[in-house]
Amino acid sequence: KLFFKRYSSLYFLLTVLMCRGKAMQDFKGPDCRFVNFKKGEAVYVYYKLIGESTELWAGSVGSDFGYFPKDLLEINHNYSNEELELPTDVSLGFFF
């Protein structure tokens with residue numbers, strides 16, 4: 001989730017933790033934009049991508065942050081049920 005908060009004439013981008021899950025299998029991403037994890041590790045989800053890249057989410061494992069395939073995660077705790085959709089001009093077509 002992304003939220004914008006106005007402070008004076010500046011806008012700050014706030015990140016909100018959406019959910020936590022357990023990795024169902026090992027994952028090693030194709031490059032540094034992806035977060036690697038091992039089966040059983042806790043993965044924290046901050047962004048659920050939509051549009052052309054619906055198969056990817058973004059989150060963290062320990063202090064590492066990056067994209068990962070959402071199908072490799074078993075959600076075991078939701079922190080928020082509200083979702084905010086924001087447009088972006090970033091393309092993630094490099095995944096496949």
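**Note on the predicted model: sheet, core and aromatic contacts**

1. Met18 sits in the loop that joins strand S2 (10-15) to S3, where strands are DSSP runs of E with at least two residues, numbered from the N terminus. With a relative accessibility of 4%, Met18 counts as buried, a class that means under 20% relative accessible area, whereas exposed means over 50% and partly exposed lies in between, with a 1.4 Å probe and protein chains only. Although Met18 and Tyr44 are 26 residues apart along the chain, their C-alpha atoms are separated by 7.7 Å.

2. On the basis of the values: this is a predicted model, in which local features need pLDDT of at least 70 and side-chain atom pairs count only at pLDDT 80 or more, while totals for chains, interfaces and linings use all residues. Residues are numbered from 1 along each chain as its sequence is written, and side-chain values use heavy atoms, with hydrogens and water left out.

3. An open sheet is formed by 5 strands in the order S6-S5-S4-S3-S7, with antiparallel pairing; two strands are taken to pair if DSSP finds at least two bridges between them. Strand S6 (64-69) and strand S7 (73-78) are the edge strands, each of which pairs on one side only. On average, neighbouring strands of this sheet are turned by 40° against each other, direction ignored, with axes fitted as lines to C-alpha atoms and angles running from 0 to 180 degrees between N-to-C directions.

4. Strand S5 (residues 56-61) pairs with S6 in the antiparallel sense over 6 bridges, and S4 and S5 pair in the antiparallel sense over 4 bridges.

5. How much of S5 is buried? Of its 6 residues, 6 are buried, so S5 is largely enclosed by the rest of the structure. In a regular strand the side chains alternate between the two faces of the sheet. For S5 both faces are covered, with Leu56, Ala58 and Ser60 buried on one side and Trp57, Gly59 and Val61 buried on the other.

6. Ser60, which lies in strand S5, counts as buried at 9% relative accessibility. If residues up to four places away in sequence are not counted, Ser60 touches Ala42, Val43, Tyr44, Tyr46 and Phe65, contact being defined as heavy atoms within 4.5 Å.

7. The largest nonpolar core has 14 residues, and those with the most contacts inside it are Phe27, Phe37, Val43, Val45, Phe68 and Leu73; such a core is a set of buried Ala, Val, Leu, Ile, Met, Phe, Trp, Tyr and Cys residues joined through side-chain atoms within 4.5 Å. Strand S3 (19-23), strand S4 (42-48) and S5 each supply at least two residues of this core, and the largest share, 3 residues, comes from S5.

8. The structure holds 6 aromatic pairs; rings of Phe, Tyr and Trp (its six-membered ring) pair if their centres lie within 6.5 Å, and planes under 30 degrees apart count as stacked, over 60 as edge-to-face and the rest as tilted. The ring centres of Tyr46 and Phe65 are 6.1 Å apart with planes at 50°, so the pair is tilted; since Tyr46 lies in strand S4 and Phe65 in strand S6, this pair ties together parts that are 19 residues apart in sequence. Phe65 counts as partly exposed at 44% relative accessibility. The rings of Tyr47 and Phe65 have centres 6.2 Å apart and planes at 85°, so that pair is edge-to-face, and Tyr47, with a relative accessible area of 22%, is partly exposed. Phe27, Phe34, Phe37, Tyr67 and Phe68 form one aromatic cluster.

9. The disulfide count comes to 0, where a disulfide is a pair of cysteine sulfur atoms within 2.5 Å.
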